Amino acid sequence: MTTFLPQEFLREIRDGEKPSATDIKIFIDGIGSGDTSPAQIGAFAMAVYKTGLGKDEIVALTKAMRDSGDVMQWDLPGPVLDKHSTGGVGDNVSLLLGPVVAACGGYVPMISGQGLGHTGGTLDKFSAIPGYDVNADNDLFRKTVKDIGCAIIGQTAALAPADKVLYATRSATATVDSVPLITASILAKKLSEGLDGLVLDIKCGNGAMMTDLGQAKTLARSLINVACGAGVKTSGLITDMNQPLASAAGNALEVRNVIEHFRGKRDARLHEVSCALSAEMLVLGGLADNIEEARKKVDTVFTSGKAAEVFASMVAALGGPNDLMESPDKYFPAAPFVTEIKATKSGVVSAIDSRAIGMAVIVLGGGRKRPDDKIDTRVGFDQIAPIGTALEKNDVLARIHASTNSHAKEAGEMLRGAYTLSGRAPENPLILKHMGMGD
Ligand code: URA
């Protein structure tokens, strides 16, 4: 066996040569043990950023990062499945999809993240529910998955710790937006959940990390090929993020939106994306033979109330109230200032700058300006008028929920500026592409 020389390993990556899987593992293991220095981690990130990595090397990197911490093992009577979204605005799909898939016989151990940039985070949405423990320990997490079929909590220090260090290094070295590094970072965490199948929701548009279809396809291809290469059945949908997906954006408001959805008052676009991704998961997990059969199962658990029951049971099992679904007003205090933002002219909503709406949620205090900021879960927007809505002057564009009058004013201006009204709306397809292995 030859001695591992980190400087030689870094030279190989810098020069576009193929380092071995063994060397990649030694380098990543060294992040935890201290054998790999911070300078070498920074050089690694920059070398990958500039030169890229081949698929086999990204698979090796992903596995090494996954194995830097605990990898869950399950022994359950159904498939273990999850979804990852690259992030958007008003994207509360996970809150619907986890319970839906569990109600159809799957098991969903979902580790979720905080909001990133202008996008919202599932973890922050659940933290709006009083008592809900997003930091539940491993025993409670596993018990909830086993008994109820679904548990959604936050990242623990035990899962993929090498990613935490590499991610912080990337933030400090201008190397965040690298497809190989994004791929390994996302998948190391997801694959440590011990999955049989993974579905990706690659958001594309003005509120997404990937603003055009070409970029979204490149990221989807990389994620799918690497996840499949690491042994997990994976497929994905590229979905539109040129407007908030739900009619609400902001943490408690999005949970309320989900409760209404389970009760039958549904935002059409949110419903379609949630059903399409859930159905994809059922097929991947062998719970349905094809998408048509899967869609029927998904419809059934929505209309029977079974998915809503799973949501309610999961909330209660993780420390939230037993009657959240029946009495949401009891648990979500209203923000002090609730204001309607009105159209200043008539017209059809033809474009929405979703990124600006995500930024306005941050201005309201519903997202973070600094990593350790505490967020105000009460604030945000609801009644957001979607593209295609015909408005008269003074009709409502959206309602603002703010903690102060000055926040309400500033976010109101941002919201108004995010809307374009004109004679008619363009076509606005929702599911832009299905992506599988080899696409
Ligand atoms: N999300 C992650 O977890 N990692 C990245 O690199 C980008 C988004």
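In the ligand site, an oxygen atom of the ligand lies 2.5 Å from a polar side-chain atom of Lys189, a polar contact being a pair of N or O atoms within 3.5 Å. The model is predicted, with local features requiring pLDDT of at least 70, side-chain atom pairs counted only at pLDDT 80 or more, and totals for chains, interfaces and linings drawn from all residues. Residues are numbered from 1 along each chain as its sequence is written, and side-chain values use heavy atoms, with hydrogens and water left out.

A nitrogen atom of the ligand is 2.7 Å from a polar side-chain atom of Ser185, and an N or O atom in the Arg170 side chain is 2.9 Å from a ligand oxygen atom. The surrounding residues are Leu116, Tyr167, Arg170, Ile182, Ser185, Ile186 and Lys189, each with a heavy atom within 4 Å of the ligand. By class, this shell has 4 nonpolar, 1 polar and 2 charged residues. Its largest share, 4 residues, comes from α9; α8 (161-172) and α9 (179-191) each supply at least two residues.

The domain assignment gives domain 1 (6-52), domain 2 (81-327) and domain 3 (334-422). The C-alpha centres of domains 1 and 2 lie 31 Å apart. Their contact (heavy atoms within 4.5 Å) takes 10 residues from domain 1 and 12 residues from domain 2. Together, these two domains bury about 860 Å², 85% of it on carbon and sulfur atoms; buried area is the accessible area (1.4 Å probe) that two parts lose on being put together, summed over both. In domain 1, Ile31, Ala45 and Tyr49 lose the most area to domain 2, together 48% of what that side buries.

Note on methods: A polar contact is a pair of N or O atoms within 3.5 Å; within protein, one must be able to donate a hydrogen and the other to accept it, and residues adjacent in sequence count only if both atoms are side-chain atoms. Ala, Val, Leu, Ile, Met, Phe, Trp, Tyr, Cys and Pro count as nonpolar, Asp, Glu, Lys and Arg as charged, and the others, Gly among them, as polar. Domain bounds come from an automatic or database domain assignment.
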